[in-house]
Amino acid sequence: MNKSITILGIESSCDETSASIICDGKILSNIVSSQKVHSLYGGVVPELASRAHQKNILPIVQMALDDAKIEKNNLTAISAAIGPGLMGSLLVGLNFAKSFAYALGIPFISVNHMEAHIYSNFIDEPVPEFPFLNLTISGGHTQLVLMKKDFEYEILGETIDDATGEAFDKVAKMLGLGYPGGPMIDKIAKNGNEEKIKFPRPMIDTDDYKFSFSGVKTSVLYFLRDNKIIPPIEENLLKDICASFQKSIVDVLIAKTFKAAEKYQIKNIAIAGGVSANSRIRNQFKIECEKRNYKLFIPQISYCTDNAAMISVVGYRKYLSGFTSALTSTAHPYLELSNL
């Protein structure tokens, strides 16, 4: 009888400490500890993040093992994110994973945080069929990737300035909504008139697949300045600003993604990353895919933001492919997405 393949995944690239167990392709546990302290400062404070990871990593891993009813000696391998992300935060999870793997005498598997977001669409059924087009949208990244087969990536386009989530957070701060701002804008925008204010759609008509959201952010700043609007903003006006800003972002994401899908004749579209939790983005992509008879894949909300389930899924699939990493592997804050 073949022994089960059980992988522990660890994620600590930013401000979530997370551990997950996958056994023979099935997620048995996914524990996530989010750091609340950063909301006091309007963004993630790297030193505070790494200290919180140091405090949380051991209990979070133990909780993942307990929740999965798995003993540490039954682990086949340990995977962890090595980048991109905050150096201090990455080092906590990475060094813990390497030390744990060494102590148990089992392989260590390094995982690119960006590839993990893509593979969050492989946590639950149904999963995308290759080839598929993946749009990753998060606080630090906006990336359109052609997935030809397992671990074979072709980056078609990225943001040249602000990432999607970054633009949401900066605009939310202008509007006096606090941090993180994306979920707040999404909630408020639901009752606003998205046609009320005409914010720009940067690079929507260019022939490439690059993104730019800095101009949208700046246009919101100028709108507030020119109309002498300062927080707290009148409720109905705030709803209209949020809805109009959000629509400008969604329009660009839709246009670029489906332009690429048509050129490369791809019928499977996947979305990943923290901003894929946005209800307007999810709904609009669903509408557009149904209109074109495309298949759409989006992770459930709990797998959109940073989590270790996506790390363990990649670790599991890499282990099956025969890939393992050296214990000398180090963290790479600006790690690029590359083929296996």
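These entries go from the whole chain to single residues.

**Ground rules.** I am working on a predicted model, where local features need pLDDT of at least 70, side-chain atom pairs count only at pLDDT 80 or more, and totals for chains, interfaces and linings use all residues. Numbering starts from 1 along each chain as its sequence is written, and side-chain values use heavy atoms, with hydrogens and water left out.

**Whole chain.** I counted 9 helices and 10 strands (DSSP runs numbered from the N terminus: H or I of at least four residues, E of at least two). I looked up the burial: 54% of the 340 residues are buried (under 20% relative accessible area, with a 1.4 Å probe and protein chains only; exposed is over 50%, partly exposed in between). The C-alpha atoms fill a box of roughly 65 × 45 × 30 Å along the principal axes.

**Cis bonds.** I found a cis peptide bond from E125 to P126, with omega near -5°. Another cis bond runs from F130 to P131, with omega near -5°. P126 sits in the loop between helix 3 (113-118) and strand 6 (132-137). P131 lies in the loop between helix 3 and strand 6.

**Positive phi.** K228 is not a glycine, yet its phi is about 50°. I place K228 in the loop between helix 6 (214-226) and helix 7 (235-264). K228 is exposed, at a relative accessible area of 74%. Q265 also is no glycine, and its phi is near 55°. I find Q265 in the loop between helix 7 and strand 9 (268-272). Q265 counts as exposed, at 71% relative accessibility.
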